[in-house]
Amino acid sequence: MDSSSALKLDARSLRAAFFDLDGRPPLAAERERWLGHELSELIGARLGDEAFWSAWLEEQLYYFFLINNFRPQSSRVLELPQLLAKGAIDAQDALWRIALSPSFDQRNPGADTFVTVVMEQLCGMVVQKNARELEIGKAGYDGRPGLFLGTRIGSQSDVVAAAIADKRFASHLIGREYERLMRGAPPKKELRGWISRFRKEPRELASIYAEWFASGAWAERLELRRPLSNRAWVKSVFVDLFDRVPEANEARRMRDALDGLSDPAPLRSLLVRLMMDGPDKEQLKLPAEGTIEDESGWIRSVFPLLLGREATAEEARVFVHTLRLKDCGPATIYLALLTSAAYQED
Amino acid sequence: METSSQPKRLGRRALLKAGVAASALAATGVLPSAAASLFQAGDEKRRVILVAFAGGVRSRETFGSPANIPTLRGLADGGVLAPRTRTANLGHYGTALSIFTGVSEARGIRENGRGPDPTLFEYLRRDAGMAASDVWISTSGGAQQTNYSASSHAKYGQKFGANVLDGDGIFNREFKALLASYGEVRPRDAGEAEGLDAMRKALGETGSEQAARVEKYILDELTRGTTDISGPGASDQKAIRVGRNLFTIFKPSFLGIVLQNADIAHGDYNGYVEVVRRNDAALGELWAAVQADAELAATTSIIVLPEFGRDRDLNSRRGLDHGDGSDDLRLVTTTFAGPAFKRGVELDSEIDAIDICPTVTSLFGTSAPFARGKRLSKVLA
């Protein structure tokens with residue numbers, strides 16, 4: 001794989017990198033700070049930032065479906081981004097805390113469900129092919145001693161500990177994280193090395209991530225646009241309209257509603273219109289109507305900003321023409337772009 | 001390709017058959033007489049509601065305790081009862097998905113991905129030519145259940161998927177309050193609308209009438225009281241209510257409803273029985289709404305089955321898990337009712353939950369080529 005560490009950040013790669021690292025596009029100040037810099041510089045800075053680990057935690061909670069009413073509220077889980085950013089805890093212990101949280105227990109009630117989910121989600125096992133282990137784990141969950149995944153257990157927490165101690169935990173975590181960030185299967189030879197490093201020292205995960213971003217795999221990922229998750233879309237709209245990250249609560253209410261639809265496009269469109277017309281209208285980070293001197297230049301700047309690509313000549317012509325129409329203005333341009341199919345991808 | 005969803009002229013034999021079935025249903029009160037006369041008039045369009053009465057529900061608390069389920073009992077009396085329906089315990093998600101694919105799906109309980117096998121929604125859309133607006137699913141289980149929409153199969157997939165709508169995710173007080181805080185959607189000026197159209201065209205996009213209808217439906221539903229449903233089993237109640245409203249407004253050919261709240265049984269047996277009772281009552285309201293519309297009453301059939309049952313014995317928390325491999329877990333009861341099915345029949349033989357998919361596709365004149373189940377001709381009218 002060719003290296004992408006020397007890649008200079010343009011509008012497209014900066015937007016994509018922020019989506020992958022922080023789960024949102026960059027704020028205006030961040031764009032100003034990072035455009036033209038090398039990707040490796042950005043990666044180094046973000047991996048030590050709490051915002052990266054907040055996004056990481058969010059992804060893990062979604063992975064375990066610990067969302068909505070099952071979202072953990074305990075400080076032992078909520079403090080994880082801060083501890084991970086400081087290096088006071090590693091990803092393995094973080095996942096252990098999540099699996100031992102009351103929310104995980106409530107989400108996966110009963111021995112059969114709990115042990116099945118631990119085997120599937122932590123170790124990537126197919127329980128139908130490991131029925132004996134499942135039965136031993138269920139007995140352990142109920143307090144009866146046994147040898148589960150090679151470890152002596154006798155309690156519900158032992159079931160989690162045994163799963164995390166199993167070698168499949170590391171391989172499953174590294175494999176799924178690679179697929180999430182690089183959008184493809186990990187190369188087998190390198191995968192073995194990453195797993196080995198992680199098993200020896202779980203704190204190595206951040207440097208493994210950095211290695212992935214520096215590899216040609218991330219340059220290839222740039223070519224693969226994928227539909228924005230609802231959680232990324234909500235943050236994206238707030239950043240692009242108001243240049244701010246939404247409060248957790250306002251983001252959650254929108255995201256939960258959007259997650260209820262197989263095709264969220266109609267509701268996304270409605271939300272954009274409501275946000276642009278609503279009481280926060282004055283907070284929109286748009287030029288006031290009639291104040292744009294270079295209309296063509298402004299249109300050409302908005303496409304990379306919102307879609308991560310340049311406008312075609314035809315798009316530029318039509319958008320400039322529309323901007324000059326009597327009932328239209330910058331908000332009309334934003335509305336067209338934010339409700340477009342292209343904006344629904346990262 | 002001709003499909004049964006397209007109106008066509010009935011032959012004398014089919015007319016007689018339809019008339020007999022409709023008269024009989026009307027006599028039991030399951031089908032009102034007005035609807036029966038419409039059915040006799042020759043409208044052969046078919047509609048199916050398939051309810052995954054899921055979350056793990058034993059027959060002991062349903063047909064073994066008829067007082068819990070007057071609606072299902074009434075439907076069964078006027079239709080077909082299959083008390084020995086075999087299922088596989090593959091987790092709620094995988095097993096419920098099996099009902100829709102006709103293939104026992106070994107999916108992770110918390111897996112957030114589409115299955116590999118085409119769903120009956122995809123068969124109906126791709127092979128029976130149904131429009132997106134004709135195939136809906138109303139769910140109760142949140143984000144994971146939107147994956148029921150379609151498979152990852154190369155020949156089928158998302159472009160032939162169903163519209164999935166999770167009632168509890170959208171129709172809740174918090175979201176309603178959020179929308180209210182934004183105020184009304186401002187109508188666009190003519191010039192602005194024209195400009196938007198031109199820009200969308202330049203971006204290679206076309207307007208979607210379906211999207212506009214869905215948006216209107218969501219806004220209307222938020223004012224109908226669905227958001228106010230709360231308490232144990234609330235998300236199932238919403239799923240059924242949303243299904244009812246979708247079905248009576250859009251009149252689709254197919255509606256799937258997937259429930260989940262019965263899983264409260266792990267720690268609360270009494271709560272579980274209450275969920276069964278409330279869901280049965282909500283199904284009664286759904287069926288009454290169907291019967292109140294002459295066109296729907298004459299054309300709509302319903303299938304109801306749990307994805308699997310629960311353990312034979314209570315656990316240490318006086319709840320019911322699902323993992324003992326007993327017949328209570330593996331055998332559930334399926335109810336078939338409506339004009340597509342026989343009346344007053346109780347099957348002695350076993351059927352399989354994966355037979356439902358090819359049976360439903362056959363009702364719409366197509367097949368389910370990747371399903372492993374078989375068409376249940378013995379239940380069909």
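Against which elements of chain B do the buried residues of H4(B) pack? In this predicted model, the buried residues of H4(B) pack against strand E1 (47-52), H5, E5, strand E6 (300-305) and helix H14 (356-363) of chain B. The residues concerned are Gly91(B), His92(B), Tyr93(B), Gly94(B), Thr95(B), Ala96(B), Leu97(B), Ser98(B), Ile99(B), Phe100(B) and Thr101(B). Because eleven of the eleven residues of H4(B) are buried, the helix is largely enclosed by the rest of the structure. Following H4(B) comes Gly102(B), which has a positive phi near 75°.

Chain B contains 14 helices and nine strands, and 61% of its 381 residues count as buried. When contacts in chain B between residues at least 6 apart in sequence are taken together, 75% of them join residues at least 24 apart. Chain A, in turn, has 21 helices and two strands, with 57% of its 346 residues counted as buried. In chain A, residues 24 or more positions apart account for 66% of the contacts with a separation of 6 or more. Taken along the principal axes, the C-alpha atoms of chain A fill a box of roughly 75 × 45 × 35 Å. Chain A is divided into domain 1 (108-165), domain 2 (230-278) and domain 3 (295-344), and the C-alpha centres of domain 1 and domain 2 of this chain lie 38 Å apart.

Among the strands of chain B, E3(B), which spans residues 135-139, has five of its five residues buried and is therefore largely enclosed by the rest of the structure. Its side chains are divided between two directions, with Val135(B), Ile137(B) and Thr139(B) pointing one way and Trp136(B) and Ser138(B) the other way, and all of these residues are buried. E3(B) pairs in the parallel sense with strand E5 (residues 254-258) of chain B over five bridges, and in this pairing Thr139(B) stands opposite Val258(B) of E5(B). E3(B) is also joined by four bridges to strand E4 (residues 163-166) of chain B, and these two strands likewise run parallel. Here Ser138(B) stands opposite Leu165(B) in E4(B), while Ile137(B) stands opposite Val164(B) in E4(B).

Arg110(B) is placed in the loop between helix H4 (91-101) and helix H5 (120-127) of chain B. With residues up to four places away in sequence not counted, Arg110(B) touches Tyr63(A), Phe64(A), Phe65(A), Arg107(A), Asn108(A), Thr113(A), Val117(A), Glu120(A) and Gln121(A), together with Gln144(B). Although Arg110(B) is buried, it has no salt bridge, and the nearest side chain of opposite charge, that of Asp263(B), is 5.9 Å away.

Leaving aside residues up to four places away in sequence, Glu174(B) touches Asn249(A), Arg252(A) and Arg253(A), and the side chain of Glu174(B) makes a polar contact with the side chain of Arg252(A) at 3.0 Å. Within chain B, Glu174(B) and Ser301(B) are 127 residues apart along the chain, and their C-alpha atoms are separated by 35 Å.

Asn245(B), finally, is placed in helix H10 (residues 234-250) of chain B. With a relative accessible area of 8%, below the 20% limit that defines the class, Asn245(B) is buried. The side chain of Asn245(B) makes a polar contact with the side chain of Glu221(B) at 2.8 Å. Not counting residues up to four places away in sequence, Asn245(B) touches Tyr217(B), Glu221(B), Arg224(B) and Thr226(B), so that Glu221(B) is one of the residues in contact with Asn245(B) as well as its partner in the polar contact.

Key
Residues numbered from 1 in each chain as written. Chains lettered and ligands numbered in written order. Predicted model: local features only at pLDDT ≥ 70, side-chain atom pairs only at ≥ 80, totals over all residues. Heavy atoms only, no water. Buried < 20%, exposed > 50% of the residue type's maximum accessible area, 1.4 Å probe, protein only. Pairing = 2+ DSSP bridges. Contact = heavy atoms within 4.5 Å. Polar contact = N/O pair within 3.5 Å; in protein donor to acceptor, adjacent residues only side chain to side chain. Domains from an automatic or database assignment. Lys, Arg positive; Asp, Glu negative; His and termini not counted. Salt bridge = Lys/Arg side-chain N within 4 Å of Asp/Glu carboxyl O.
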